[in-house]
Amino acid sequence: MDSEMKKRDENQYSPRPNGGSQSTPLKLPFIIGVAGGTASGKTTVCDMIISQLHDQRVVLVNQDAFYRSLTNEQLQKVSEYNFDHPDAFDTELLLSSMQTLRTGRAVSIPNYDFKIHKSVEPARLVNPADVIILEGILVLHDNRVRDTMNMKIFVDTDSDVRLARRIQRDTVERGRNVENVLDQYAKFVKPSFEEFILPSKKHADVIIPRGADNDVAIDLIVQHIRTKLGQHDLCKIYPNVFVIHSTFQI
Ligand code: CTP
């Protein structure tokens, strides 16, 4: 077993946070990370996984919620701000929120408004669940975030398709004009994709070509999650049974 797989096994059956023994494991949630470039179809892939796991308690956490709010000074020069750089996110808050959920407690996460580039009230309450899906452009970038995950997915969609979707979405849903979208894409979105997002693909267990159009890949992923959740329950009853995580690519 390689060290990454071993770490994930330990993640699943680590001792209770309150100091309980390892022979009475806490049933930790199964955490899935879904990364990919802008407008690659991450949200649709997550929705498809959630709807196929209808008999499980599943929650979706968006990395977008952890965007840092811009100051008034930054807002005045918003066209110079790189929203695709890892520093644009409050990763410490993301990690502590994931840790709270992982130990079975509800957590309040910020509610980010893309039109004003700030978090707004009310915050969103996320309840604990059996499966937690963490979705966002850079969820596979930081090793501390990756280490919380039992399964890592990268949605790999053609960049022309992504740009076309991004223009459509940003003008319709995020109150932008085409010129600004293209400007931001050339200045920040594309270079950051190449520098940070694309290199994070090597950490994925599963790469989905064509995103949400790939029904076969999504079926296989859901089947794999179900198998793991079954083993999860087996370990709850027989704590000495170990789960071996496998790595696969579609
Ligand atoms: N972004 C922005 N303005 C902000 C904050 C973020 O334009 N105030 C942009 C960033 O440039 C980044 C993108 O939002 O590229 C991240 O969102 P994206 O991944 O495109 O959204 P999803 O809906 O999750 O994408 P998908 O279609 O893959 O589901």
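A polar contact is taken here as a pair of N or O atoms within 3.5 Å; within protein, one atom must be able to donate a hydrogen and the other to accept it, and residues adjacent in sequence count only if both atoms are side-chain atoms. The model is predicted, so local features need pLDDT of at least 70 and side-chain atom pairs count only at pLDDT 80 or more, while totals for chains, interfaces and linings use all residues. Residues are numbered from 1 along each chain as its sequence is written, and side-chain values use heavy atoms, with hydrogens and water left out.

A polar side-chain atom of Asp84 lies 2.4 Å from an oxygen atom of the ligand. In the side chain of Glu135, an N or O atom is 2.7 Å from a ligand oxygen, and a polar backbone atom of Ala39 is 3.3 Å from an oxygen atom of the ligand. On its own the ligand has 630 Å² of accessible area, of which the protein covers 94% (areas come from the Shrake-Rupley method with a 1.4 Å probe; for residues, only the protein chains shown count as cover).

In total, 20 residues surround the ligand, and the closest are Thr38, Thr43, Asp84, Glu135 and Arg166; a residue counts as near when one of its heavy atoms lies within 4 Å of the molecule. The ligand sits in the largest pocket. Two or more residues of the shell around the ligand come from each of α2 (42–52), α6 and α7. Helices (H or I, at least four residues) and strands (E, at least two) are DSSP runs, numbered from the N terminus.

Side chains of opposite charge can pair when their charged atoms come close. With a salt bridge defined as a side-chain nitrogen of Lys or Arg within 4 Å of a carboxyl oxygen of Asp or Glu, the count comes to nine. Arg166 and Asp170 form one of them, at 2.9 Å from N to O; both lie in helix α6 (residues 159–172), four residues apart, about one turn of the helix. Arg169 and Asp170 form another, at 3.3 Å. Together with Arg174, the residues Arg166, Arg169 and Asp170 are linked in a network of salt bridges. Arg166 is buried at 6% relative accessibility, and Asp170 is buried at 0% (buried means under 20% relative accessible area, exposed over 50%, partly exposed in between, with a 1.4 Å probe and protein chains only). Arg169 is buried as well.

A further salt bridge joins Asp156 to Lys201, with the closest N and O atoms 2.9 Å apart. Asp156 belongs to strand β6 (residues 151–156) and Lys201 to the loop between α7 (178–197) and β7 (206–209), so this pair ties together parts 45 residues apart in sequence. Asp156 is partly exposed, at 25%, and Lys201 is partly exposed too, at 24%.

The loop between β2 (58–62) and α3 (72–76) holds Gln63, whose side chain reaches the backbone nitrogen of Ile137 at 3.4 Å. Gln63 is buried, with a relative accessible area of 4%. Ser69 lies in the loop between β2 and α3 and is partly exposed at 36%.

Technical notes. 1 Å grid on protein atoms, 1.4 Å probe; cavity = no way out; pocket = protein on both sides within 12 Å on 5 of 7 lines; lining within 4 Å. Sits in = over half its atoms within 2 Å of the grid points.
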